[in-house]
Amino acid sequence: MMSAPVILLKEGTDTSQGIPQLVSNINACQALEKIKAIAVTVKKDSKEHQRELFEKCAATALSSKLIALQKGFFSKMVVDAVMMLDDLLPLKMIGMKKVQGGGLEESQLIAGVAFKKTFSYAGFEMQPKKYEKPKIALLNVELELKAEKDNAEIRVNNVEDYQAIVDAEWNILYDKLEKIHLSGAKVVLSKLPIGDVATQYFADRDMFCAGRVPEEDLKRTMMACGGSIQTSVNALTGDVLGQCTLFEEAQVGSERYNFFTGCPKAKTCTIILRGGSEQFMEETERSLHDAIMIVRRAIKNDSVVAGGGAIEMEISKHLRDYSRTIPGKQQLLIGAYAKALEVIPRQLCDNAGFDATNILNKLRAKHAQGGMWYGVDVNNEDIADNFESCVWEPAVVRINAFTAASEAACLILSVDETIKNPRSTVDSSALPKGRGRGRPHAH
């Protein structure tokens, strides 16, 4: 196995930089200032205009995905989901559940928490499946009788002592169930199992219960409905119980789902995805995650630029013009930085099967004439105003990309030489060949 080469950095690179690194950083600063100067700010006074812009950002993110044909449907769903969150836009408050079967456009957005019905025992069918303004108990308590471990041993002298032990076990369970009932909770969720006795007990008292609830769903319910997860039933007071406007269990495809809507404590939502194969739904989930991140970023940083290579060509033109004002060899470095930015539109042309040289010549001419937002039009094999075509992306994304690229270039420029293990340079074809294992036998 080849050992990794050792990278030697020039002396003083931690605290100082050479001329190439400084020039590269200057170029990056010039590029970032230009992006900030030409970026278009989103108007927050008009909610309709703002929402339209976010939908276009989401649609742009979905254009290259497998669900591109449904981008109009999903872009609205993504914007609705992000708009339901609070000001911090926490990503973990958006849940995604996948239900096989049905079409993609049967996917739905739930304004609250939803998770799949858990394993249930006999008696579950007798429990009510809908409550208005219920109190919710969130537990990490096991509510079932468990057999003792194999090595446990209890010695009794008569039947009455044995019966007392059995009664004590039942009394402990019934005592827990009674305390939960007296707390006023109508919906009981537990991370640990809820047995058949407890299920029947709750059904007799018009209460709903669900055991083995995944920890992620239990915590999201706690953050949305309030309350706290209890490891004991001895302190079930009103302040540790959650509450929502409506709880119901409903059929989604071939699955049963529990829905908590109207959650007062935090704004949350759940996207239920429908589709054919599991792999396709997983790809849909990843695509929606990308779109959600883009919309969140657009809300937090309210300025956008045109994509499709337009912003790179404009910065390239700006740096090329700037380089002509710099005397000396630095002019070549700035020109090289400007030329490197043309890799993005060139790669877009190559990916689409276009003549990259022809498209880039058109883009250079258009940007020289003042066509700031002109980029690659992959639909018509030409150039187009990508801002008018709604190919947008947040300005902070391009700023971060340019900054990271400049830092990487500086790191590579600071490499003086590399050292390789001499053994790794030996030609493998020169090594003796064995028969299956080991070295060949000597004759």
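The lining of the largest pocket divides into 12 nonpolar, 11 polar and 7 charged residues, where Ala, Val, Leu, Ile, Met, Phe, Trp, Tyr, Cys and Pro count as nonpolar, Asp, Glu, Lys and Arg as charged, and the others, Gly among them, as polar. The model is predicted, so that local features need pLDDT of at least 70 and side-chain atom pairs count only at pLDDT 80 or more, while totals for chains, interfaces and linings use all residues. Residues are numbered from 1 along each chain as its sequence is written, and side-chain values use heavy atoms, with hydrogens and water left out.

**Largest pocket**
- About 800 Å³ of space lies in this pocket, an open set of points on a 1 Å grid with protein on both sides within 12 Å along at least five of seven lines, lining residues having an atom within 4 Å of a point.
- Of its 30 lining residues, Thr60, Ser63, Ser64, Gly308 and Val391 lie nearest the centre.
- Helix 2 gives the largest share of the lining, 5 residues.

**Helix 3 and helix 7**
- Helix 3 (residues 71-83) and helix 7 (residues 278-300), both DSSP runs of H or I with at least four residues, pack at an angle of about 55 degrees with their axes 9 Å apart.
- Residues in contact (heavy atoms within 4.5 Å) include Phe74 and Val78 in helix 3, and Leu288 and Arg296 in helix 7.

Methods:
Axes fitted to C-alpha atoms, helices over the stretch in contact; angles between N-to-C directions. Helix = DSSP H or I, 4+ residues; strand = E, 2+ residues; numbered from the N terminus. 1 Å grid on protein atoms, 1.4 Å probe; cavity = no way out; pocket = protein on both sides within 12 Å on 5 of 7 lines; lining within 4 Å. Points joined across faces, edges and corners; volume = space filled by probe spheres on them.
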